[in-house]
Amino acid sequence: MYRYYLRETVVGDGRRPARTPLRAAQEQAGAPAGRWMGRGLAALGLAPGDEVTEAQLRNLFGERGRHPYADRIEADRLAKGASAKEAFKAGALGRRVTVTGVDFVFRPQPTIYLLWAFGDEETRLVIEAAHERAIGRVLEWIEDEVAVIRYGKDGIYRVRPPSGLVAARFRHYEARSGRPLLHDHLLLSVKGQRPGGKWGSIHTTALHENTVAASALYNELVAAEVCETLGLATEPRTVTPGRRPVMEIAGVPHELIRWTARRSDQIAACLAELEHEYVTAVDDDGELKFLPVVSERARAKMNQIAARKTRPPKRKTQPLAQLRVWWKVSAILTSKVAADVITSLLEHARAAAAAIRARVATVVDIALAAVDVTATVFVMNEGGRFHRRHLLAEARRHLALVLRGQLREPGLDEEIVAAAISTHCLDITEPKTVRGLEAGYRLYTARWSLADLPARRRPPAAAPEPDQQPPADPGEPPAPRPPGQDAGEWEIPRIPLQYERAVMAGAVVREKLRATTATVVRGRAYDVVAHQQAAMPEQLLAPEPADPGHDDQELKAGRGDAIDMTALRALRESRTDVEALDLTADRLGRLQDAFAKLGDDARARADRVLADRATGQDDDIGAVRLVRPDDQQAHRPQQPGPHRGREAGH
């Protein structure tokens with residue numbers, strides 16, 4: 001990996017010509033020089049912002065963790081009469097290691113790097129400065145809260161590196177497709193000093209475990225600084241129905257994001273083919289190997305396979321000034337966005353921000369935030385068990401959603417986590433080692449259970465007719481199949497995603513707590529309309545009424561009555577969550593029914609399959625086969641193959 005870095009990453013993901021000095025290769029590629037970061041630089045005789053040289057990289061990362069100036073140190077010791085072994089040892093930073101560094105990649109949201117690509121020079125510099133400061137803040141958080149050095153027998157002793165960490169940062173400007181993609185590679189050294197001055201190795205597992213929390217912190221910080229400096233605001237956008245919304249700069253057309261997403265389109269096309277192979281795969285007896293639905297876990301695995309299959313070769317890098325001209329011309333010609341919008345993108349974003357600031361309240365209620373954070377983490381972690389880092393990452397996402405690009409007070413995310421743990425979490429830690437006693441590794445679950453909530457049971461749906469499609473979602477009535485469309489051309493149904501269930505769980509728990517504990521939801525809170533519209537997928541929200549004057553009327557029965565959120569639209573005027581819960585209590589009852597209906601229908605289909613098998617009638621193409629509860633693997637073992645078995649489905 002070190003050789004890969006020297007060959008491609010340090011020169012902007014291009015190809016470094018053989019026997020070309022590092023700085024010369026970077027200048028030819030139009031890539032900036034790497035820069036050192038971290039508080040640990042002082043112990044190595046380096047300073048933040050110093051240029052990263054090839055010799056320093058080779059010693060620290062390519063020679064199993066030596067001093068960046070190891071060559072100079074070794075030469076000095078030899079000149080003073082030391083033996084070769086003593087000179088080599090003098091240039092070492094503790095014991096030699098196999099893993100010398102961890103690569104973190106930091107990139108802002110697409111709408112931010114679009115403003116960076118199409119904006120003027122001042123806008124570009126503001127965004128790059130915010131990008132750099134956010135990376136620095138995340139590195140400080142890792143130094144203070146995450147990084148630990150293990151020592152002693154079996155690593156029983158753990159200590160934070162008091163002098164900090166050392167990292168090399170390399171900036172890239174474009175993606176493999178040639179479209180704009182501002183991002184930095186941060187190569188973090190695993191070497192750190194213990195309190196006594198001895199050099200040890202950073203526990204890399206702790207770094208990997210906190211990657212999501214670090215990413216959430218970076219996204220929140222860079223968006224907040226860009227919005228505050230340029231007068232912008234963020235808004236939630238649903239990229240994939242049912243998944244977590246992404247916070248983007250308001251006023252930047254989504255078509256521009258699609259213009260940068262050539263790789264996404266290629267991956268989506270390949271993913272559709274893999275999903276079709278998955279649901280139509282049969283064994284030697286002609287039996288379906290999997291359920292005719294694609295789970296979230298199976299889709300994630302197939303998405304990785306599709307990304308590898310469609311990965312293009314790297315392009316020759318070009319100077320940034322030339323790239324910015326080419327990007328603007330290409331977007332005007334091919335993005336289907338008006339030229340005046342592209343050339344005045346910042347003004348459009350500022351106008352949208354003014355409308356958002358006037359309409360959306362940005363007040364954080366810690367008690368309500370603790371409910372949402374706990375419910376989301378409880379549902380999205382298998383088995384409902386989680387650690388503090390999961391709550392911290394979700395709290396940072398929650399703040400980004402609520403504040404819409406405004407800067408927050410330091411430590412607000414920690415306050416939400418503390419409230420969630422003390423009020424809604426139960427410590428279920430059974431430590432077998434000293435590590436289990438640490439605060440970061442204590443195991444929690446929610447104090448409440450969704451199974452305790454009352455829910456009216458509905459009769460199972462009738463079996464689908466042979467000329468009908470499978471439902472788009474489990475539990476929905478099947479739609480008639482268009483004439484001439486074969487079964488293999490049906491829309492592949494999906495299992496409801498975990499984030500959908502997490503949002504519903506949060507709404508149900510808030511209503512339960514409101515009814516049982518009045519003090520839990522006291523205080524003025526953020527705008528519930530903006531929050532619910534941001535979190536709930538589009539297909540779970542009732543459509544806008546044609547006549548605004550009759551907004552209080554009930555919708556007709558049909559697809560929209562599964563989860564009716566009409567009452568939320570009555571809260572466009574400034575209201576608090578307490579008032580909102582009073583108006584939506586009856587709606588949450590319907591939400592509970594819809595959520596429970598999914599499980600009822602699945603059990604009903606399983607009962608029909610057992611009955612058909614008992615009578616020998618299991619040849620129906622619409623039958624659903626039983627699977628293990630923890631996955632979509634068939635009930636009989638199989639040999640893995642291309643895009644099948646464990647490689648495709650797990």
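Biologist: Why does phenylalanine 118 count as buried?

Modeller: Buried means under 20% relative accessible area, exposed over 50%, and partly exposed in between, with a 1.4 Å probe and protein chains only. Phenylalanine 118 has 3% relative accessibility, so the residue counts as buried. This is a predicted model, in which local features need pLDDT of at least 70 and side-chain atom pairs count only at pLDDT 80 or more, while totals for chains, interfaces and linings use all residues. Residues are numbered from 1 along each chain as its sequence is written, and side-chain values use heavy atoms, with hydrogens and water left out.

Biologist: What makes isoleucine 332 partly exposed?

Modeller: Its relative accessible area is 33%, so isoleucine 332 is partly exposed.

Biologist: How many aromatic pairs does the structure hold?

Modeller: The structure holds 6 aromatic pairs. Rings of Phe, Tyr and Trp (its six-membered ring) pair if their centres lie within 6.5 Å; planes under 30 degrees apart count as stacked, over 60 as edge-to-face and the rest as tilted.

Biologist: Why is the pair of tryptophan 116 and tryptophan 327 called tilted?

Modeller: The ring centres of tryptophan 116 and tryptophan 327 are 5.7 Å apart and the planes are at 50°, so the pair is tilted. Tryptophan 116 counts as buried because its relative accessibility is 0%, and tryptophan 327 is buried at 0% too.

Biologist: What makes phenylalanine 118 and tryptophan 259 a tilted pair?

Modeller: Their ring centres lie 5.8 Å apart with the planes at 40°, so this pair is tilted. Tryptophan 259 has a relative accessible area of 5% and is therefore buried.
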